[in-house]
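Hello,

Here is the structure we talked about handing over. Please have a look, then read my notes below.

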Amino acid sequence: MEKTEGSESATATGCPSETELAGKARMCEGCPGQALCRQQGGRDPDQEVLDTRMKAIKHKILILSGKGGVGKSSVAACLSMALAELSQKVGVVDLDICGPSIPKLLAVEGREVINSQWGWKPLISPHHDVKVMSVGSLLEQSDNAVIWRGPRKTALIKRFLKDTYWGRLDVLICDTPPGTSDEHLTVVKAMKSTNPDGAVIVTTPQEVAIATIRKELNFCRKMGVRVIGIVENMSGYVCPCCQERTDIFSSGAGERLAIEYSVPFLGRIPIDQVCICVT
């Protein structure tokens, strides 16, 4: 394996974000976080505290998608409730700083986050006691716009992970915004030393969505994030009267993408009135 110049730990297939070459190595060219890494390269002084928080959590799962509007938050919320129903202790951290929807989906809207001596106390959802932390619960009004640049988003995401009193959880689900930007780079770097389980990629059947999801899969490869599998959301419509399923979009694109990238295909979620009522 070819090493990049000037560092023993930065290799051609490994991100040098924690080395002196952060943002400067040849492989950093074209990375959306290059400027941020150049400013913040090297070991994070908060990493030790962050690791202590994260090591108390058995499994950490990222919900990713390069495309907006595919239902990442709905999948994250439903997954959290399904795991909690299996007697798992589950938390959800909403990393979509500009468009948080987890408070609505997990019915904690309008409730205030308390800052205790142990850190922020996550809100407890009435749906199976899932713990929730989101910027939506820190705003004075839920419809206030969050107009922040990258460094401020980065700082808040680190606080969500480091300063929230998650306690001992079986699973922490990270709901991310669309794309491959500061939020994704921050959470991947923050969790890197505590071995996150990987990412669930959410897509819809349309080819325009699949084209963007390929970028997310390439992001995972470049950042060394294991892809747990691909979920095809909004895959068909289930009639509430006769239960017949109809493909209102194309179908099978998620499975074809999984085969193309040699990752597991986890299944299809139809547009079903039962799911809509739950979320």
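**Strand pairing**

Strand S2 (residues 90-94) pairs with strand S6 (residues 131-134) in the parallel sense, over four bridges. Within that pairing, Val-93 has Met-133 of S6 as its bridge partner. Bear in mind throughout that this is a predicted model.

S6 has a further neighbour. Strand S5 (residues 123-124) runs antiparallel to S6, and two bridges join them. Here Ile-124 is bridged to Lys-131 of S6. S5 and S6 make a hairpin, with six residues between the two strands. In the turn, His-128 has a positive phi of about 65°.

**Overall picture**

The protein has 279 residues, and 50% of them are buried. Its secondary structure comes to nine helices and 11 strands. Take the contacts between residues at least 6 apart in sequence: 71% of these join residues at least 24 apart.

**Helix H7**

H7 covers residues 207-223, which is 17 residues. From first C-alpha to last, H7 reaches 25 Å. That is close to the 24 Å expected at 1.5 Å a residue.

Which residues of H7 are buried? They are Ala-209, Ile-210, Thr-212, Ile-213, Glu-216, Leu-217, Phe-219, Cys-220 and Met-223. Seen down the helix axis, the buried residues of H7 fall within an arc of 165°, so they line one face of the helix.

What covers the buried residues of H7?

- strand S1 (57-64)
- helix H6 (182-191)
- strand S8 (198-203)
- strand S9 (227-238)
- helix H8 (253-261)

Just after H7 comes Gly-224, with a positive phi of about 75°.

**Ser-73**

Ser-73 sits in helix H3 (residues 72-85). Is Ser-73 buried or exposed? Its relative accessible area is 13%, under the 20% cut-off, so Ser-73 counts as buried. The side chain of Ser-73 makes a polar contact with the side chain of Ser-101, at 3.0 Å. Leaving aside neighbours within four places in sequence, Ser-73 is in contact with Ser-101, Ile-102, Leu-105 and Asp-175.

Met-234 is placed in strand S9. S9 is also one of the elements that cover the buried residues of H7. The relative accessibility of Met-234 is 24%, so this residue counts as partly exposed.

Ser-262 lies in the loop between H8 and strand S11 (265-271). With a relative accessible area of 68%, above the 50% cut-off, Ser-262 is exposed.

**Where to look**

Then turn to the polar contact between the side chains of Ser-73 and Ser-101.

Best wishes

Methods: Residues are numbered from 1 along each chain as its sequence is written. This is a predicted model: local features need pLDDT of at least 70, side-chain atom pairs count only at pLDDT 80 or more; totals for chains, interfaces and linings use all residues. Side-chain values use heavy atoms; hydrogens and water are left out. Buried means under 20% relative accessible area, exposed over 50%, partly exposed in between (1.4 Å probe, protein chains only). A polar contact is a pair of N or O atoms within 3.5 Å; within protein, one must be able to donate a hydrogen and the other to accept it, and residues adjacent in sequence count only if both atoms are side-chain atoms. Contact means heavy atoms within 4.5 Å. Two strands pair if DSSP finds at least two bridges between them. The expected span of a helix is 1.5 Å times one less than its number of residues. The arc is that of the directions from the helix axis to the C-beta atoms.
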